[in-house]
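I open this notebook to record what I looked up, entry by entry.

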Amino acid sequence: MATLSRRALVAPAVLGLAAAPLAARAQASYPTRTVTIVVPFAAGGPTDTVARLIAEAMSRDLGQTVVVENVGGAGGTLGAARVAQARPDGYTLLLHHIGMATIPTLYRRLPYDPINGFETIGLITAVPMTLVARKDFPANTLQEAIAVIRRERDKLNYANAGIGAASHLCGLLLMSKVDAPMTTVPFRGTGPAMQELLSGRVDLMCDQTTNTTEQIRAGEIKVFAVTTRERVPSLPNVPTAAEAGLPDLEVTIWHGLYAPRGTPRPVIERLSRALQAALKDPKVVQRFADLGTTPVPEEQATPEFHRQFWMAEIARWRPLIQAAGQYAD
Ligand code: ASP
């Protein structure tokens with residue numbers, strides 16, 4: 001008995017001593033295998049588009065494959081939970097958007113900690129949104145669209161990616177400004193929602209330019225406004241919401257990269273450097289520009305800036321959500 005218990009006491013101590021240099025070596029050589037970026041929305045949507053571009057460019061810098069895995073559903077909370085609960089070893093990451101700042105207030109019961117469950121790696125980009133409609137929607141300007149929304153109200157279907165999604169947020173803003181509720185139809189992401197808009201099965205959507213630019217340019221959907229203060233260079237003929245007579249419908253969708261809480265600092269720093277390299281990759285810069293956005297400057301693609309920005313965003317959205325009383329649960 002005595003021997004056994006002494007062994008039991010001694011063994012972890014010996015292992016601990018041996019494990020420390022091993023862990024340090026593992027971190028120094030990181031990554032040694034495929035890294036997975038979880039996107040908390042369906043494939044083919046705007047967050048997925050950003051993630052696939054970033055993953056490819058980061059893999060060039062890291063010298064390892066970086067794959068994207070779509071875990072859509074519940075407004076982005078399923079994918080976030082998956083990463084918060086993953087091993088903090090740098091091989092499972094999360095690429096999410098502004099929902100990281102609204103979900104902590106919108107959802108009062110979550111199976112993960114929406115703030116302390118994550119380490120920040122860096123911001124990526126801020127993407128404008130567009131208010132779009134099916135091709136045969138009976139309006140050609142924002143004012144005409146508002147008149148149709150006020151007249152038809154909940155007979156109209158507004159597609160979104162669930163409570164907490166950017167499309168949900170933009171829809172709430174729109175409905176409160178025009179003072180008319182529409183019927184919201186949630187999808188696992190706005191990739192599938194776009195397919196429904198293209199086939200005319202839903203009427204309206206507000207979504208990032210990273211998912212709408214090509215369909216707008218091809219004339220496959222109608223567009224009424226962009227949600228930025230200035231016009232978007234890649235869509236020069238589309239008025240801002242303010243120009244089109246709806247001031248304050250202003251929102252851009254920032255994206256960031258996260259790791260599970262407890263991921264070793266050297267790994268976070270390596271990932272942040274790879275992200276900064278990806279944001280300078282000419283292919284990323286060009287494709288972002290085609291889709292109406294630009295990478296953040298290098299100093300914002302850092303863990304510190306990202307965390308500060310994220311905390312400020314949580315503080316900005318909390319009183320607005322609480323005042324609206326529109327909780328997900
Ligand atoms: N754009 C979506 C949203 O509404 C998410 C996505 O599918 O990327 O948040």
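This is a predicted model: local features need pLDDT of at least 70, side-chain atom pairs count only at pLDDT 80 or more; totals for chains, interfaces and linings use all residues.

**Entry 1: a loop residue with positive phi.** With those terms, I placed Asp-248 in the loop between strand 8 (221–226) and strand 9 (252–260). Its phi is positive, about 80°, although Asp-248 is not a glycine. Is Asp-248 buried or exposed? I looked up its relative accessibility and found 57%, so Asp-248 counts as exposed, the cut-off being over 50%.

**Entry 2: Ala-74.** I then turned to Ala-74, where phi is near 55°, again a positive value in a residue other than glycine. Ala-74 sits in the loop that runs between strand 2 (66–70) and helix 3 (77–84). Its relative accessibility is 42%, and therefore I list Ala-74 as partly exposed.

**Entry 3: a cis peptide.** I checked the peptide bond that joins Tyr-30 and Pro-31 and found it to be cis, with omega about -5°. Pro-31 belongs to the loop between helix 1 (2–28) and strand 1 (35–39).

**Entry 4: the shell around the ligand.** Which residues surround the ligand? I list Phe-41, Pro-46, Thr-47, His-97, Ala-161, Ala-165, Ala-166, Ser-167, Gly-189, Thr-190, Asp-207 and Gln-208. By class, the shell holds five nonpolar residues, six polar ones and one charged. I traced the contributions to secondary structure: helix 2 (46–62), helix 6 (166–178) and strand 7 (204–208) each give at least two residues to the shell.

Entry 5: I recorded three distances. A side-chain N or O atom of Thr-47 is 2.6 Å from an oxygen atom of the ligand. A polar backbone atom of Ala-166 is 2.8 Å from a ligand oxygen. A nitrogen atom of the ligand is 2.7 Å from an N or O atom in the side chain of Gln-208. How much of the area that the ligand exposes alone does the protein bury? The ligand taken alone exposes 270 Å², and the protein buries 100% of that. I also looked up the cavities: the space taken by the ligand is the largest cavity.

**Entry 6: helix 7.** I listed the buried residues of helix 7 (residues 190–198) as Thr-190, Gly-191, Ala-193, Met-194, Glu-196 and Leu-197. Thr-190 is also one of the residues around the ligand. Ala-193, which is found in helix 7, has a relative accessible area of 0% and so is buried. Just after helix 7, Gly-200 takes a positive phi of about 80°.

**Entry 7: Ser-59.** What does the side chain of Ser-59 reach? I found the backbone oxygen of Glu-56 at 2.9 Å.

Definitions and conventions. Residues are numbered from 1 along each chain as its sequence is written. Side-chain values use heavy atoms; hydrogens and water are left out. Buried means under 20% relative accessible area, exposed over 50%, partly exposed in between (1.4 Å probe, protein chains only). Helices (H or I, at least four residues) and strands (E, at least two) are DSSP runs, numbered from the N terminus. A residue is near a molecule or strand if one of its heavy atoms lies within 4 Å of it. A polar contact is a pair of N or O atoms within 3.5 Å; within protein, one must be able to donate a hydrogen and the other to accept it, and residues adjacent in sequence count only if both atoms are side-chain atoms. Accessible areas come from the Shrake-Rupley method with a 1.4 Å probe; for residues, only the protein chains shown count as cover. On a 1 Å grid over the protein atoms alone, a cavity is a set of points where a 1.4 Å probe fits but cannot get out, and a pocket is an open set with protein on both sides within 12 Å along at least five of seven lines; lining residues have an atom within 4 Å of a point. A molecule sits in a cavity or pocket if more than half of its atoms lie within 2 Å of its grid points. Ala, Val, Leu, Ile, Met, Phe, Trp, Tyr, Cys and Pro count as nonpolar, Asp, Glu, Lys and Arg as charged, and the others, Gly among them, as polar.
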